[in-house]
Amino acid sequence: MVNSGDTIFGRILRGEIPCDQVYGDDLCMAFRDVNPQAPVHVLVIPREPIAHLGETGPEHQLLLGHLLLVAAKVARQEGLESWRTVINSGAEAGQAVFHLHVHVIGGRALAWPPG
Ligand code: AMP
């Protein structure tokens, strides 16, 4: 497994750089994206340094379910009735930070399909 502990999200998890946190528990944390693509743009990340979805296996079943439940909790907390959850996996899919993260994007109408 790729060790993603040295990404910028690893540094956020270790408290080395600040973030605008909106949720946290033993398994994950959520904070506002520094370059928001919509009025609400939050990232939900596991504390475990998993590079991307392709690095997960059956042992991550509970964690992955938890991340989606937290994404929905955050969306409700932000007052959203509609939102999009996105997980970019791999550079060609647009992943820039190789620490698994779920984007929660909402607060405006969102086009489909994505670019
Ligand atoms: P992705 O392209 O799916 O890897 O998404 C990475 C996201 O992380 C982008 O939307 C960035 O704006 C965001 N990002 C990068 N650095 C930070 C940071 N220090 N705090 C919050 N969000 C960040």
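Modeller: Happy to! A nonpolar core here is a set of buried Ala, Val, Leu, Ile, Met, Phe, Trp, Tyr and Cys residues joined through side-chain atoms within 4.5 Å. Please keep in mind that this is a predicted model. The largest such core has 18 residues, and Ala30, Val42, Val44, Leu67 and Val74 are those with the most contacts inside it. Two or more residues each come from the strands β1 (21-24), β2 (28-32), β3 (40-46) and β5 (102-106), and from the helix α2 (61-77). That helix, α2, gives the largest share, six residues. For a view from one side chain, pick Val74: leaving aside residues up to four places away in sequence, Val74 touches Val22, Tyr23, Ala30 and Val42. Another core lies apart from this one; it has seven residues, including Ile12, Met29, Ile45 and Val97. As a general point, nonpolar side chains in soluble globular proteins tend to be buried together.

Now for the ligand. It is surrounded by 16 residues, of which Asp33, Gly94, Ala96, His101 and His103 are the closest. From the backbone, a polar atom of Val34 is 3.1 Å from a nitrogen atom of the ligand. The ligand taken alone exposes 510 Å², and the protein buries 82% of that area.

Terms used. Residues numbered from 1 in each chain as written. Predicted model: local features only at pLDDT ≥ 70, side-chain atom pairs only at ≥ 80, totals over all residues. Heavy atoms only, no water. Buried < 20%, exposed > 50% of the residue type's maximum accessible area, 1.4 Å probe, protein only. Helix = DSSP H or I, 4+ residues; strand = E, 2+ residues; numbered from the N terminus. Contact = heavy atoms within 4.5 Å. Near = heavy atom within 4 Å. Polar contact = N/O pair within 3.5 Å; in protein donor to acceptor, adjacent residues only side chain to side chain. Areas by Shrake-Rupley, 256 points an atom, 1.4 Å probe, with all protein chains shown as cover.
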